[in-house]
Amino acid sequence: MSKVKIRKSAKEVENSKLKYFLWPAIIIPLCIGIIPYFTGIGLSFTNWKLALSNIRFVGLRNYIEMFSNPDFWNAAKVTISFSGLSLLVEIVFGFFVGWLLSVNLKGQAFFRSIILIPLMVAPVLSALMWKLMLPQHGVINYLLSFIGINAVSWLSNPHTALITLVVIDAYINLPFVAIIILAGFQSLPKEPYEAAAVDGASKLFIFKKITFPLITPLILLALIFRFILSLKTFDIIYATTGGGPGNVTTNLHLFAYINTFKYGQAAKSTAVVLILFLIIFIVSSKLIKRWTKATAYQK
Amino acid sequence: MYRLEVKEISKNFGKVNAVRNLSFNCKEGETVVLLGPTGAGKTTTLRCLAGLEELNSGDVLLDGKNINNFSPDHREVAMFFENYALYPHMTVYENMAYPLSAPNRKNEYNKKKIRLRVQEIAELLQISELLDRKPNQLSGGQKQRTALGRTLVRKPKVFLLDEPIAHLDAVLRHRMRGEMKSIFHKLQCTVVYVTHDYKEALSIGDKILVIRDGELVQLGTADEIWSKMNNVFVAKLVGDPPINIFKGIFQPGENNSKIELYEHKSTINFNSTIKKLEEWTNKKTLVAIRPTDIIISTVQNPNSIRGTLSAIEAMSSSFEITVMVSNNKMIKIKSKVNFNNLLDKQIWLNINSDKIHLFNPQNGESIYHGRSL
Amino acid sequence: MEDTISIKRKFVYYILLIIVAVVVLFPFIWIFLTSLKCPGDITCYPPKFIFKASWDNYKSLFTKSQAGAAASTLNFSRYYLNSLFVAGCGTLLSLIIGFGAGYALTRAKFRKENTRESVAFTLLSFWFGPELAIILPLYIFFNKFGLLDNHFALILAYQLIGVPFAVWMSRSFFSDVPVTVEEASRIDGYTPMQTFWNITFPMVKSGLAATAILTFIFEWNNFLFALVIGGRNTMPVTTGALGFISYEAALWGQMAAAIILSSVPQLIIAMFVQKNMVRGLTFGAVKG
């Protein structure tokens with residue numbers, strides 16, 4: 001016989017009322033986010049073009065065409081090189097800057113607030129600032145001439161455009177890594193170090209066995225965030241090079257945008273974006289699992 | 001009519017049965033203590049009484065009225081939390097005034113009455129000078145008294161106290177033990193008090209419930225819990241140093257019964273035959289004796305336990321002596337005499353049959369209590 | 001770690017820190033200088049560090065008469081107001097929805113514990129997925145209902161940014177409040193709602209303020225949503241700033257002024273959230 005509860009206890013009623021507050025947070029993203037998302041998935045299997053009213057199901061054709069499209073592979077290559085390089089620069093130098101900011105010096109408060117600036121300004125605007133400084137006769141080339149580097153049109157030269165974008169991206173996002181690492185260093189417990197000092201451990205040993213394991217979760221966290229956000233970079237590329245010159249700086253996200261709004265290939269672009277999402281999802285899940293394991297000891 | 005009636009309450013969290021069929025009553029002005037080790041379900045029971053946890057079965061009645069479905073704000077109980085749960089953004093005064101300014105109490109207390117009442121309780125607990133401080137400016141003991149003040153400031157039907165003095169230092173704890181009892185008496189409180197410290201339980205409780213794994217093991221007065229424990233669990237729980245337990249075999253005998261402590265090659269003799277223990281003939285029992293009831297002797301005696309006096313600790317009003325006997329077993333004895341001349345020497349322990357407690361080794365239930373207990 | 005660092009070491013550290021500070025600040029300083037230059041000074045080479053400064057660029061942002069044919073379509077004050085309106089209303093809505101959900105997610109009891117985390121992570125996925133995956137179909141929807149270039153449609157779309165963030169952040173702060181303190185208030189005679197306002201809310205005030213500020217900054221900084229779903233009427237400063245450079249004219253001076261004006265508010269209010277910055281930027285993963 002099934003258990004039938006005739007009257008709800010006071011606590012259950014309270015709990016239900018509390019859960020009502022969840023609904024808006026579920027419904028609105030549902031309508032604005034999930035439904036369009038699944039619609040997009042469905043549409044990626046059609047021949048949808050912008051301004052096309054007769055939409056037909058075409059199965060996997062878009063995906064197959066995508067994989068045989070050299071522009072797609074170029075965009076994939078750009079995505080990997082751009083994000084790979086940015087991640088490398090941001091994590092390595094971000095770690096260094098984060099550590100630098102953690103040293104106990106007078107006036108650190110000033111430097112620590114300076115580093116926050118690129119995080120607060122809209123990435124698009126920071127990118128435009130750099131665009132202003134980078135032309136052939138811009139101030140950057142002027143300053144570089146002092147150290148013997150010839151003037152280059154950084155953003156319009158196909159050989160330098162991508163690297164320049166990596167620099168701009170690092171400018172905007174390295175502070176993010178830095179303050180996470182800074183927070184990590186600031187919250188290191190004193191006791192292991194005191195014990196190590198008493199035991200007479202060497203500096204290298206201390207770093208390898210104490211500092212590094214404690215900082216690793218934060219490095220991982222910064223890596224996860226940057227990885228996810230870097231793969232879908234759009235603003236700064238669109239604002240500075242628009243994907244060019246040619247398609248030298250066109251990553252997958254931008255590729256999808258251009259394909260949709262310039263060529264009207266909406267379904268194909270959706271397929272591209274979904275593949276991008278899949279990659280992000282798979283890799284970040286693995287990274288997050290790694291991170292959860294690394295922070296398990298804290299519980 | 002009882003002020004509080006708890007009828008067969010059960011509470012489980014998934015597969016874990018925290019409280020099982022617990023029942024007890026509380027008269028007005030009575031202090032009932034829930035005593036047990038950590039994880040026994042005492043705090044859960046208290047939370048069920050407060051309405052913070054939902055009962056799986058059973059009833060709670062306050063002055064005869066079933067309050068199972070009442071939310072905490074309608075139950076007319078006050079609770080002291082083990083971690084104090086002070087409101088960190090309010091001063092001590094505001095913390096204590098908060099219960100009195102609850103909307104459903106607006107009629108009872110106006111601003112002036114609140115102030116008088118808070119001051120009255122603050123004075124009782126000697127925290128009057130702290131009223132303007134915030135919790136993060138208080139010491140541990142001061143926080144505890146503030147939390148106590150917040151609990152006592154109302155006039156609820158029942159006070160629920162969860163380990164109120166557990167986290168105080170030893171000196172303060174000792175003092176508060178006495179103070180709490182007089183406070184409860186002065187304010188005529190009906191109290192359900194949770195603790196894991198038997199000393200608190202025995203000194204504060206009118207009625208004590210010993211609880212293990214959510215179940216009631218014994219309900220009794222302090223005297224009954226101390227001398228007439230109905231389970232070896234209770235015997236082990238209550239007493240410092242803990243009660244000594246031996247394994248023995250009962251022999252009915254023709255004139256005198258005796259118990260053979262076979263592991264230590266000694267015997268405890270009764271003055272007569274104990275008829276009611278006949279069913280335990282040749283069966284193993286647990287023999288328990290309090291540290292204060294073992295006598296140390298230098299006279300060899302075939303019935304005594306042979307051992308070596310290995311340590312003496314001086315306590316405030318007695319000596320705690322550790323004696324090592326066969327099988328590397330340590331026996332603890334409490335005595336007013338300092339035996340340090342016998343340190344590391346061989347001695348004999350005498351146990352009087354009038355002071356032993358016998359328990360069933362299978363389920364721990366009590367079989368026999370010595371005559372003089 | 002070490003309290004006594006050698007003077008030589010300190011010197012090196014300071015040099016490095018100053019280099020970092022200079023690199024971070026230089027673009028801003030240069031943009032600020034540029035915003036004060038006249039067109040001639042901007043494009044000359046070698047670039048001028050000393051010049052005659054004027055507020056003309058700033059003034060021209062707000063007056064209709066601007067140089068060049070393309071300039072007549074630029075309307076900076078409109079962009080600014082759009083940013084304020086959309087980010088402001090968007091933030092308000094996100095906070096209302098997000099805080100309530102965050103509190104419910106922290107305290108409510110679910111029949112299956114999984115539900116709690118599933119909801120939380122689904123919300124998070126809106127931040128981590130490529131926006132275009134949602135925006136392209138959203139573009140069709142809005143197009144069909146004539147909601148493109150509509151302020152309220154944009155505010156609604158911005159909820160995909162604000163709600164997940166507000167939920168995760170407020171959840172982190174609410175979980176710092178011990179349950180026993182709320183329970184004490186219930187026993188003292190207060191309803192759940194009263195308990196929330198009297199006890200919980202004051203305890204998380206600073207955290208919620210930081211959440212509000214960061215939500216506003218994130219919604220203000222958004223580009224892609226505004227680009228696809230917005231239009232001429234709803235253009236915020238992020239997409240509007242691009243209009244200063246086009247095939248017809250490169251109004252560097254005015255763009256510089258626009259960038260400065262669009263960034264300064266964030267920099268000021270960012271100073272108020274320093275304490276909770278790391279927690280904010282990592283969605284509560286790092287308590288900083």
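Among contacts in chain C between residues at least 6 apart in sequence, what share joins residues at least 24 apart? In chain C of this predicted model, that share is 75%, where two residues are taken to be in contact if their C-beta atoms, placed from the backbone, lie within 7 Å. Because the model is predicted, local features need pLDDT of at least 70 and side-chain atom pairs count only at pLDDT 80 or more, whereas totals for chains, interfaces and linings use all residues. Residues are numbered from 1 along each chain as its sequence is written, and chains are lettered from A and ligands numbered from 1 in the order in which they are written.

Chain C contains 13 helices and zero strands, with helices (H or I, at least four residues) and strands (E, at least two) being DSSP runs numbered from the N terminus. Its C-alpha atoms fill a box of roughly 75 × 70 × 35 Å along the principal axes, and 49% of the 288 residues of chain C count as buried, a residue being buried if 20 or more other C-beta atoms lie within 10 Å of its own, exposed if 12 or fewer, and partly exposed in between, with C-beta atoms placed from the backbone.

Two packed helices are described by the angle between their axes and the distance between the axes. For helix H5 (residues 113–128) and helix H7 (residues 151–174) of chain C, the axes come within 8 Å and cross at roughly 135 degrees; axes are lines fitted to C-alpha atoms, for helices over the stretch in contact, and angles run from 0 to 180 degrees between N-to-C directions. H5(C) and H7(C) are therefore oblique to each other, since angles under 35 degrees count as roughly parallel, over 145 as roughly antiparallel, 65 to 115 as roughly perpendicular and the rest as oblique. To this contact H5(C) contributes C:Ala120, C:Leu123, C:Leu124, C:Phe126 and C:Trp127, and H7(C) contributes C:Leu160, C:Val163, C:Pro164, C:Val167 and C:Trp168. By class, the residues of the contact of H5(C) with H7(C) are 10 nonpolar, no polar and no charged, where Ala, Val, Leu, Ile, Met, Phe, Trp, Tyr, Cys and Pro count as nonpolar, Asp, Glu, Lys and Arg as charged, and the others, Gly among them, as polar.

In chain B, six strands form an open sheet of mixed pairing in the order S6-S7-S8-S3-S9-S10, two strands being paired if DSSP finds at least two bridges between them. The edge strands are S6 and S10 (215–220) of chain B, each pairing on one side only, and neighbouring strands of this sheet are turned by 20 degrees against each other on average, direction ignored.

Within this sheet, S7(B) (residues 158–162) has five of its five residues buried, so it is largely enclosed by the rest of the structure. B:Val158, B:Leu160 and B:Asp162 point one way from S7(B), and B:Phe159 and B:Leu161 the other way. S7(B) pairs with S6(B) in the parallel sense over four bridges, with B:Phe80 and B:Leu161 as bridge partners. Four bridges also join S7(B) to S8(B) (residues 191–195), again in parallel, with B:Asp162 opposite B:Val194 and B:Phe159 opposite B:Val191. Helix H4 (residues 140–152) of chain B lies across S6 and S7 of chain B, running at about 175 degrees to S6(B).

Between the chains, 19 residues of chain B are in contact with 15 residues of chain C. The largest share of the chain B side, three residues, comes from S6(B) (residues 77–80), and that side has 14 nonpolar, three polar and two charged residues.
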